[in-house]
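Take a look at the sequence and the fold first, and then we can walk through the contacts together.

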Amino acid sequence: MDAKFFDLSDDTPVYVISVAAQLSGLHPQTLRQYDRLGLVSPGRTAGRGRLYSTRDIVMLREVQRLSQEEGINLAGIKRILALENENLRMREELGRLRGEMAMIRALIRYQLPPA
């Protein structure tokens with residue numbers, strides 16, 4: 001068997017809904033509702049069954065925490081998650097742009113022609 005066969009990332013969907021429910025401490029119907037609302041997006045089997053990743057389990061726990069401890073409704077949670085994703089995307093873009101700026105400054109400083 002190939003050594004990469006079990007090389008799974010946190011994004012690899014491996015948990016069926018009953019296991020994901022146990023790991024997250026939520027009822028399977030709650031997981032289905034969160035999927036319908038777009039709060040989590042589990043992978044699908046060929047038969048359309050849901051498969052959850054470790055990242056999905058962490059997200060389910062965070063949704064539950066925001067709902068139970070912070071008293072935020074599901075629409076608010078969906079908005080928070082969207083803003084957090086946008087923030088992450090923008091930080092990644094900022095890092096990329098800073099790298100480009102550093103390269104441009106180095107080219108100007110040493111008067112090298114651009115690649």
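A pocket here is an open set of grid points with protein on both sides within 12 Å along at least five of seven lines, and its volume is the space filled by probe spheres set on the points. Please keep in mind that this is a predicted model. The largest pocket has a volume of about 160 Å³, and α3 and α4 each supply at least two residues of its lining.

**The largest pocket**

- Which residues line the largest pocket? The lining is made of R55, V58, M59, E62, L81, E84 and N85.
- Helix α3 covers residues 54–68 and helix α4 covers 74–110.
- With four residues, α3 gives the most to the lining of this pocket.
- Sorted by class, the lining holds three nonpolar residues, three charged residues and one polar residue.

**α3 against α4**

- The two helices that contribute to the pocket lining also pack against each other, their axes coming within 10 Å and crossing at roughly 130°.
- That angle makes α3 oblique to α4, because only angles over 145 degrees count as roughly antiparallel and those from 65 to 115 as roughly perpendicular.
- The crossing of α3 past α4 is right-handed.
- On the α3 side, M59, V63, L66 and S67 make the contact, and on the α4 side the partners are L74, I77, I80 and L81.
- This contact has seven nonpolar residues, one polar residue and no charged ones.

**α1 against α2**

- Helix α1 spans residues 17–24 and helix α2 spans residues 28–37; they pack at an angle of about 100°, with axes 9 Å apart.
- This makes α1 roughly perpendicular to α2, since angles of 65 to 115 degrees fall in that class.
- From α1, the residues I17, A20, A21 and S24 meet P28, L31 and R32 of α2.
- By class, the residues of this contact divide into five nonpolar, one polar and one charged.

**α1 against α3**

- How do the axes of α1 and α3 cross, and at what angle? They come within 9 Å and cross at roughly 50°.
- That makes α1 oblique to α3, and α1 passes α3 in a right-handed crossing.
- Here A20, L23 and S24 of α1 meet I57, L60 and R61 of α3.
- The classes in this contact are four nonpolar, one polar and one charged.
- A20 and S24 take part in the contact with α3, and they also meet residues of α2.

Methods. Residues are numbered from 1 along each chain as its sequence is written. This is a predicted model: local features need pLDDT of at least 70, side-chain atom pairs count only at pLDDT 80 or more; totals for chains, interfaces and linings use all residues. Side-chain values use heavy atoms; hydrogens and water are left out. On a 1 Å grid over the protein atoms alone, a cavity is a set of points where a 1.4 Å probe fits but cannot get out, and a pocket is an open set with protein on both sides within 12 Å along at least five of seven lines; lining residues have an atom within 4 Å of a point. Ala, Val, Leu, Ile, Met, Phe, Trp, Tyr, Cys and Pro count as nonpolar, Asp, Glu, Lys and Arg as charged, and the others, Gly among them, as polar. Axes are lines fitted to C-alpha atoms, for helices over the stretch in contact, and angles run from 0 to 180 degrees between N-to-C directions. Angles under 35 degrees count as roughly parallel, over 145 as roughly antiparallel, 65 to 115 as roughly perpendicular and the rest as oblique. A crossing is left-handed if the near helix is turned anticlockwise from the far one by less than a right angle, and right-handed if clockwise. Contact means heavy atoms within 4.5 Å.
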